[in-house]
Amino acid sequence: MINPTPKSDAILLRKVKDGDSEATRILVDQYLDRIVNYGTRMLGDRAEAEDVAQEAFLRLWRNLDKWRAEKPVIHWLQRVTYNLCIDRLRKKKPVNIEDIAEPADPFENPARSLHQMQVSTAVNAAIEKLPDRQRAAIVFAHQEGLSNIETAEIMEISVEAVESLLSRGRRGLRSLLEDLRPELEGDV
Amino acid sequence: MVDNPNSSDQEDFEFVQNLFEQIKPEFASPELKAEILRSAPSAKSTNATVTGLEELIEYLWPFGPLWRPAAGLAIAAMFGVMLGATDPLSPNTVADADTALTEEIVAFVEAADGQLEDIQ
C-alpha cells in the first residue's frame, strides 16, 4: 500500500466531501482499524473504543470544509481519538485487573493461541494500569510507531515531556510484567 | 512502581516493543464500518450510477445542484415577462386582430359575391 501523504489525504478528503463513496471507503479502510486499536488500548474496552472511533470520524466529516493539506489525516484522527479517550477516562472509574474478561476459547493452534491470549491479557492489563498520559505516549510510540515529535504534536506537549512519559511508562510496564518475562520471551 | 536499577533505557524500549509485537491487534467490526460509511457525505457516487441525463445536466449546468432550481426559476420568470409583453388584450394586439378580421370578411364577401349572383 502506498503511504498516504498530507497532499494525497487532502485529495481523498475532497472526494469524500463531494460524496465519492469509493474515496470514503478507501479512507475508512486506511484508518479505522488503527483508531479502534488505539482506542481499545487506551480505554481497555472494545465497545467504548468503537464509540470513540465513530465520534472521531463524525468529527472528520463535519470538518471536511475546513481541511488544510498540512498534516496527515491519521494524525488529526489520532489527536481527536486521544482527546476523546482522555475525556472518557476522566469520567470513568479505575479499572480493577480482576474485572478484565477472560479470553475466549481458542479455535486453531490451541497452544499458541492460548499463549498469545494469555500474553495479550496480561499485557493489556499492565498497560491499563499505567497513568493515562504514559499509556497514551507508550501506545503512540510502540503500537502506532510514531516518533517523539509526532507524539508531542498529537498530545500537545513538549518532546521532552514525551520522552519523560515514555521512559516512566516503559519502566512501569517492565516492572509490572517482570514476572511474565520468560513467557513473553517465548520460553514456555 | 518499583524501579529496576539494572535496566537501561534501551532494554526498557526493547522489552516494551516486544510486548506490543505479541499483542493481538483489534479490528473494527463490520457494523461500525458500515455505520461510519453511512454517516459520510453522500451527495453523489462516482460509480457507474450516473445516468446519461445526469451527465447532460452536468454538462449543460456545471454549477452544481443548488443552482439548478435557481436556473429553472429564472427561465420561468423570463417566460412570464415574454408572455406579459405579448398580452393578447393589449391595444396593439386588438387593433391587429381587428384588421385581420376585416380583411377576412372582405375576402369572404368577394368570394361569396359571385356565388350569390349564380344563385339569383
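## A salt bridge between the chains

In this predicted model, A:Arg174 reaches across to chain B and forms a salt bridge with B:Asp12. The closest N and O atoms of A:Arg174 and B:Asp12 are 2.9 Å apart. Between chain B and chain A, the count is four salt bridges. A:Arg174 also has a partner within chain A: A:Glu178 forms a salt bridge with A:Arg174, and here the closest N and O atoms are 3.9 Å apart.

Is A:Arg174 buried or exposed? With a relative accessibility of 5%, A:Arg174 counts as buried, because the cut-off for buried is under 20%. A:Glu178, at 28% relative accessibility, counts as partly exposed.

## Where chain B meets chain A

Let's step back and look at the whole interface. The contact takes 49 residues from chain A and 38 residues from chain B. About 3800 Å² of area is buried between the two chains, and carbon and sulfur atoms give 61% of that area.

On the side of chain B that touches chain A, helix H1 (9-22) and helix H2 (30-39) of chain B each supply at least two residues. The largest share, 11 residues, comes from H1(B). Sorted by class, this side of chain B has 17 nonpolar, 12 polar and nine charged residues.

## A glutamate that touches both chains

A:Glu50 lies in helix H3 of chain A, which covers residues 46-62. Leaving out residues up to four places away in sequence, A:Glu50 touches A:Val36 in chain A, and B:Phe27, B:Ala28, B:Ser29 and B:Leu32 in chain B. Its relative accessible area is 13%, so A:Glu50 counts as buried.

## Chain B and its charged pairs

What are the elements of chain B? There are five helices and zero strands, and from the N terminus on they run α-α-α-α-α. Chain B has 120 residues, of which 14% count as buried.

Within chain B, B:Glu35 forms a salt bridge with B:Arg38, the closest N and O atoms being 2.8 Å apart. Both residues lie in helix H2 of chain B, three residues apart, which is about one turn of the helix. B:Glu35 counts as partly exposed at 34% relative accessibility, while B:Arg38 counts as exposed at 60%. Elsewhere, salt bridges that share partners join A:Glu22, A:Arg25, A:Asp29 and B:Lys33 into one network.

## Salt bridges over all chains

How many salt bridges does a search of the whole structure find? The total over all chains is 16. One of them is in chain A, where A:Arg34 pairs with A:Glu144, the closest N and O atoms being 3.0 Å apart. A:Arg34 lies in helix H2 (residues 21-43) of chain A, and A:Glu144 in the loop between helix H6 (132-143) and H7, so the pair ties together parts that are 110 residues apart in sequence. A:Arg34 counts as partly exposed, at 31% relative accessibility, whereas A:Glu144 is buried, with a relative accessible area of 11%.

## Aromatic rings

Over all chains, the structure holds four aromatic pairs. Why is the pair of A:Trp67 and A:Trp76 edge-to-face? Their ring centres are 5.9 Å apart and their planes stand at 70°, so the pair is edge-to-face; the angle cut-off for that class is over 60 degrees. A:Trp67 is buried, with a relative accessible area of 16%, and A:Trp76 is buried with a value of 16%. Ring pairs also link A:Tyr38, A:Tyr82 and A:Phe140 into a cluster.

A:Trp67 is found in the loop between H3 and helix H4 (73-91) of chain A. Leaving aside neighbours within four places in sequence, A:Trp67 is in contact with A:Ala10, A:Leu13, A:Leu60, A:Val73 and A:Trp76. A:Ala10 is 57 residues away from A:Trp67 along the chain, and their C-alpha atoms are separated by 7.4 Å.

## A loop residue with a positive phi

Our last stop is A:Glu156, found in the loop between helix H7 (148-155) and helix H8 (159-176) of chain A. A:Glu156 has a positive phi of about 55° although it is not a glycine. With a relative accessible area of 59%, A:Glu156 is exposed.

Terms used: Residues are numbered from 1 along each chain as its sequence is written. Chains are lettered from A and ligands numbered from 1 in the order in which they are written. This is a predicted model: local features need pLDDT of at least 70, side-chain atom pairs count only at pLDDT 80 or more; totals for chains, interfaces and linings use all residues. Side-chain values use heavy atoms; hydrogens and water are left out. Contact means heavy atoms within 4.5 Å. Buried area is the accessible area (1.4 Å probe) that two parts lose on being put together, summed over both. A salt bridge is a side-chain nitrogen of Lys or Arg within 4 Å of a carboxyl oxygen of Asp or Glu. Helices (H or I, at least four residues) and strands (E, at least two) are DSSP runs, numbered from the N terminus. Ala, Val, Leu, Ile, Met, Phe, Trp, Tyr, Cys and Pro count as nonpolar, Asp, Glu, Lys and Arg as charged, and the others, Gly among them, as polar. Rings of Phe, Tyr and Trp (its six-membered ring) pair if their centres lie within 6.5 Å; planes under 30 degrees apart count as stacked, over 60 as edge-to-face and the rest as tilted. Buried means under 20% relative accessible area, exposed over 50%, partly exposed in between (1.4 Å probe, protein chains only).
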